[in-house]
Amino acid sequence: MHPAFSVVFFTTATGAGYGLLALLGVLGGLGFVHADFWLGLIGMVLALGLIAAGLLSSTGHLGRPERAWRAFSQWRSSWLSREGVASVATFIPAGLFGIGWVLLGRSGGWVAVAGLLAAAGAVVTVCTTGMIYASLKPIAQWHSRYTLPAYLIFAAMTGSVLANALLQGFRLGSTAVLTWALLATLAGWGWKLATWRYNDGLEIPTTTNTATGLAGGTVRSIEWPHTEENYLLKEMGFRIARKHGAKLRRITQALAFAVPAILLASVFFLPWPLRAIASVLAAGAQFAGMLVERWLFFAEAKHTVTLYYGRE
Amino acid sequence: MTCLPARTEKKLGLVIDLDTCVGCQACVTACKEWNTGGHMAPLTDIDPYGGHVDGVWFNRVHSYEHTTEMGGRTVNFPRSCLHCEQPACVTVCPTGASYKRASDGIVLVDEDKCIGCKLCSWACPYGAREFDTDVGVMKKCTLCVDRIYNDNLAAEDRVPACVAACPTSARHFGDLGDPASAISQLVTDRGGVDLMPELGYKPTNKYLPPRARSERAAKVDAPALQPIRAEGGFLGWIDRMLSN
Amino acid sequence: MSRAAPRGANSAPSQRPLADSRAPNEGDGVETSPSVFDRIAKTTCYMCACRCGIDVHIKDGKVRYINGNKDHPVNRGVICGKGSAGIMQHYSPARLKKPLLRTGPRGSGEFREIEWDEALSIATERLSAIRRTDPRKLAFFTGRDQSQSLTGWWASKFGTPNFAAHGGFCSVNMAAGGLYTIGGSFWEFGEPDWDNTKYFMLFGVAEDHDSNPIKIGLGKLKARGAKVVSINPCRTGYNAIADDWIGIRPGTDGLFVLALIHELLKAGRVDLDYLLRYTNAPVLVMQEPGSADDGLFVRDGDGNPLAWDRVAKVPVNATDPDARPALSGTYTVNGRRCTPVFQLIAERYLDDSHSPDAVATRCGVDADTIRRIAAELAHVAFEQTIELPIAWTDWAGRRHETMKGRPVSMHAMRGISAHSNGFHTCRAIHLLQVLLGTVDVPGGFRFKPPYPRSAPPGPKPAGKDVRPMTPLDGMPLGFVCGPDDLLVDEAGKPTRIDKAYSWEAPLAAHGLMHSVIRNAWAGDPYPIDTLMMYMSNMAWNSSMNTVETVRMLADKDEAGTYRIPFIIYSDAYYSETVPFADLVLPDTTYLERHDCISLLDRPISHADGPGDAIRHPVVQPDRDVRPFQSVLIELGARLGLPGFVDEDGSAKYRDYADYIVNHERTPGIGPLAGWRGKDGGAIGRGDVNPDQLQRYIDNGGFWHHDFSDDQRYYKMGNRAYLDFAVEMGFIPEAEPIVFQLYSEPMQRFRLAARGHGTAQPPDAERGRIEAYMDPLPFWYAPCEEETVDLDQYPLHALTQRPMHMYHSWGSQNAWLRQITSQNRLFIHRETASRLGLADDDWVWIESINGRVKGQIKLIDGVNPDTVWTWNAIGKRRGGWGLKDDAAESNRGFLLNHIIGDRTAADASGKRYSNSDPVTGQAAWFDVRVRIVKCAPQEAGFTEPQFERFSQPPHFKPSPDILRFGASFRMKREAAE
């Protein structure tokens, strides 16, 4: 699949944003992190900003962005529509939570309810995003049991690493959050490795034989319908060389998982402000790494339509 | 409405005979010319006279070589929307632009509702969706919905443009939901197949696979020729034949 | 039976509209009954030479869509990939807009626009001077011309013998091979009996004449389960759906066919009765080596060929219906030894050199396959005979209660034709058909009227006597019957610029357009003044050795004047040839013009009856262009050519439409056969009918006559048919057509080569004439193989036109070019592997004539010793309205660059046209190549590259985006 930047950035940014929102909602709403105006403001702006920027970026992928509002209508069948509904719906409790926690400096009570609802909305939204991909049968690498958990884990991971950076920045570091961020990063790494392993060993039942109805033997494409690339090939015929892919996988592992994990682990031992710097670096590296991961998520996904074009 | 109808009254679709298709592209351009002025007009062509020409087409013909232990053959393979019974391209649509008609099962796009998110093209395993970058909406085969019911055309012309055009009679049209229809009968007789049945989309269109050489033509059980063993060889034989 | 079939070809129950085609109440707001036309104009397609009937749907003054005319005898409602794309041809950005006069150097594309009057004056002045001095100095050659009965007649009246259309580089071998043998030919002049045949053999046909009828026919065979056998090095298109694909080595089909004949003769599986009735098999051939009539037929005092009556044991008139002729033996007539034709046939082909084992390796077909095919042919022909319950009477008045048929049919075209041995190979295929008794019988190959004609047909080429201001005494093209008919001077030198009908190409029935530019450039046999061409891309894909041809077109002599002094060219589009013209006469598109598809030329007949058709303007030109035929008629009038002016010197015809209706070639016979006579009640022969065109338009643009049942088969000897043919003017008298298995005209040339007769070849030509003018079909290696080191150039290189572009010049067509804008060189997977080549590699394709660079694609479905590509995809930058980055001029390539237009020098240093030595047919498919992987920095672009042409004045850049059809929708929705 063509790794369009708008979609790569969209899923990565909203994942991080919703992860952060969920953590702030839970921790702030329940009073584990006390309201601090600047911390709250920066935290909420960061979370909602990532979400909004992501959503905005996703409309860049649309042919008719001015009609985007129509996407809220088909929540009964469409994960994309559900994502739209959930993402917008989440803004309501998130907004209330922000008012209560940041502006009014309160926790508990209705602020807690709003925070928990925002967290729930975030989780639901990330689920719907994951399901958009997981539900697509023509793309075996996505239509797997790994996809939905991946979106949740990565949202939790990037969100918590961001939250940790934020708290450390305000000298409000929490060992629990730090531990959680480190564990989430390791979990994310593990999940990614497992996913790659699964995908690399994938035996896809759909073949050029089943695509053409020509049973047995080999089916080789000798001529495309048109000699130049068309929409299908541009959108879904993206190919990445094995060598190039392997290199990007190594970069992903380093930036998204290894470097953040080491930095986070070092935070346990470093004094302020070094621990804050390390935390911020971890978040930055991880976000960059996740962009690469998401780029690969698209680039390595093979759509069945490529079978018709002999793009194996 | 992107929820699928529980059932459709008819299952209109095409049957394509891979045993007969010579890959002449007649269906391809007949489709293009009808539809570029039709329901989804235009079928825009980007850079039509340049090096990166890319147009919207609802029907495209591939060529393959199929090699088995029986030998090799070249197969021309027209590909267009299969008007599936379980079209995920419809259910994934967030706006209700994609829909499946309850009356005849045709899968259509309501362009006015389409936001051009392209998700339907991702959901279609067959590559039947065609994005018009100029208009910013998705387009697709309409099964010539503006032909098959068109009062302004002579009754006999109310078939999809591709079927009317096909010079080798490799394309067929009808109600595949009616087991008694001529087209269903054809599918039964010739062992028509679904494409990618394992994905569960239940395509309405069927493909008739190329027949094995032994079954597609009357087998000529010709005994080997025997040389004339008569006296005088061939010329002697002529004399005898002529004097009979 | 095709005649009783329902309307239209696609009318099987599974192809019909819904039983209830009322729109269901879906409620989705879809307009299911939009108005899609304001009117339907029925005319004739011109996207290729197939001449299908089309229904052009006009909406808001524009062409909305085109579909097939269901009533039309050619396409019966279907339409091909080109036909539907006619819209894009009609609206092509490469359309010329106004007459052009060259301002820059030839080939630069620099022109200024001029008015028609000036253009016609320039042409008239030039041509008038030529006609007053030496009419031969006008060479008038037309390309994809469907008005040859007009253009040829014009040349004749002008007085130049230097006329032909493009048949010489197209498929004259098929025409000549057929016409000299059975009085008809494959091409579009005959067709398999699609409804009755059980075994169909297809030789060397990719997309070819007849395009849609072959496809419709194959569909019928598939539906009936008849067996299709294809003999073709490439497994594309029709060959892909064959039940048996025989991937023969190019140029060896003749060998393969003669091996089939060997097997059939050996087993005695030939139709002796048929041979006796319809062929010259019993005719006695003089066997007196050294004498002046050796190898000629033994004739009686009236010139009738004789046979030997095996009962009465006397010579008899071979056509005497009561004779009982012998087919074998040696006899003495008037003291001279002679033997029947059939004995010669048997002796030659029974020889072991024709056995399957002897030819298998060379053909690339194993011997068992050859034996199996021979057995199958015999089995179907003789054990699966069919009999139609139709009584008929033969030419001699004998009544037959049924029509018996041997259901084996064959069709052959370009793959046979485009080799230098194509004429003899074509004759070999006809011989095979005739031995099996399958020509014009139920289930066999059928003639389309006006064929069959005598083999060869009557008129000889005119042009022996060329004088100023004097018309020729006939038409420039015709059929020679011996050396005396050649167009050569006393020294045996050619008198036509293309050397047709000379010792170098004796049976050149269609001329040699591919030789004209070189000969005119070289002044060989003489210099000319003006080259006038129509609709043929001679500066690109219609020429061999393009690089050199282009150079010759623009070459100057020492004095700085062009060696071809003046070039007039008419075309509708800005092709690669237009920039080489001095004067450009812009033609219309096919939807803007009158045409007639005439029985005098290339009609639309069906085997079940004659037909012809017209084009008429269905939309008006939006440019200052004129149909070439009308321009030619006006030029004829301005020049005062006989036939083009009335007695008072005024123009006889207003335009082409006027000519179509009012011209009479012989009294009562004109371009159109339908609705003749004052009241339109006559067919074939009749007075001029002023309403004739309207009658055609009312009938859908065509006329078609259905035979009565008893006229449908055995046309070569069917009394009812022959009488009809005479009435229609197809043949002069109701005599049977005798198939010429042994060609006496060819033997006459051989005798000349041996020194007999007054017309003598130059000594240098005697060897060739002796070798190639064999009266019986034989096989020889394609000429290039005789001169090229086959180890150096181990591969054959072929081209085919893609079906969606065949004859259509589709690269200017926004839709068709999307399908193929870059051609690949297809190469067998194993061959590639042997050469160390991988898919998508860029390679040099090298022949002795040069090299061209392209990208390869590996396949299995091709003869391993053969590479091939789609033809004429590669284009020159600046032409056809294409942008500079178009794949056609950057990645596509033209194989023509490396196909020589001349043979390599022979022992005497002489180089001949790269053509069949019998007919002059261009030997496109003889070329031998080697494939060399190109250096990494050479990959990605084709070579050779050519300078870009300038664009004519007022040419707008082609659009970056095409929204054709949007306006129909906007108008429709606005109206709702």
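**Exercise 1. Describe how strand 1 of chain B is joined to its neighbours and how its residues are placed.**

Begin with the parallel partner: three bridges join strand 1 of chain B to strand 11 (residues 206-208) of chain B, and the two run parallel. Strands here are DSSP runs of E with at least two residues, helices are runs of H or I with at least four residues, and both are numbered from the N terminus; two strands pair if DSSP finds at least two bridges between them. The model is a predicted one, in which local features need pLDDT of at least 70 and side-chain atom pairs count only at pLDDT 80 or more, while totals for chains, interfaces and linings use all residues. Residues are numbered from 1 along each chain as its sequence is written, and chains are lettered from A and ligands numbered from 1 in the order in which they are written.

Next, take the antiparallel partner, strand 10 (residues 171-175) of chain B, which pairs with strand 1 of chain B over five bridges; here B:Leu12 stands opposite B:Asp175.

Finally, look at the two faces. In a regular strand the side chains alternate between the two faces of the sheet. In strand 1 of chain B, B:Leu12, B:Leu14 and B:Ile16 point one way, B:Gly13, B:Val15 and B:Asp17 point the other way, and all are buried. A residue is buried if 20 or more other C-beta atoms lie within 10 Å of its own, exposed if 12 or fewer, and partly exposed in between, with C-beta atoms placed from the backbone. Strand 1 (residues 12-17) of chain B is thus mostly covered, with six of its six residues buried.

**Exercise 2. Work out how the radius of gyration of chain A and that of chain B stand to the globule rule.**

First list the elements: chain A has 11 helices and one strand, which run α-α-α-α-α-α-α-β-α-α-α-α from the N terminus on. The radius of gyration of chain A is 21 Å, close to the 20 Å that the globule rule gives for 312 residues, so chain A is as compact as a globular protein of that length. The radius is taken over C-alpha atoms, and the rule is 2.2 Å times the number of residues to the power 0.38. Along its principal axes the C-alpha trace of chain A spans about 65 × 45 × 30 Å, and buried residues make up 55% of its 312 residues.

Then turn to chain B, which has seven helices and 11 strands. A compact globule of 244 residues would have a radius of gyration near 18 Å, but chain B has 24 Å. The C-alpha trace of chain B spans about 90 × 45 × 45 Å along its principal axes, and buried residues make up 68% of the 244 residues.

**Exercise 3. Describe the contact between chain B and chain C.**

Start with the totals: the contact takes 90 residues from chain B and 107 residues from chain C, where two residues are in contact if their C-beta atoms, placed from the backbone, lie within 7 Å. On the side of chain B that touches chain C there are 48 nonpolar, 23 polar and 19 charged residues. Ala, Val, Leu, Ile, Met, Phe, Trp, Tyr, Cys and Pro count as nonpolar, Asp, Glu, Lys and Arg as charged, and the others, Gly among them, as polar.

Then look for strand pairing across the two chains: strand 2 (residues 45-46) of chain B and strand 35 (residues 961-962) of chain C pair in the antiparallel sense over two bridges, and B:Ile46 stands opposite C:Ile961.

**Exercise 4. Explain why strand 11 and strand 21 of chain C stand at the edges of their sheet.**

Write down the order first: this open sheet of four strands in chain C has the order 11-10-9-21, with parallel pairing. Strand 11 (244-246) and strand 21 (408-412) of chain C each have a single partner strand, so one side of each is left without a neighbour in the sheet. For strand 11 of chain C, three bridges join it to strand 10 (residues 227-231) of chain C, and C:Val229 stands opposite C:Asp244 in strand 11.
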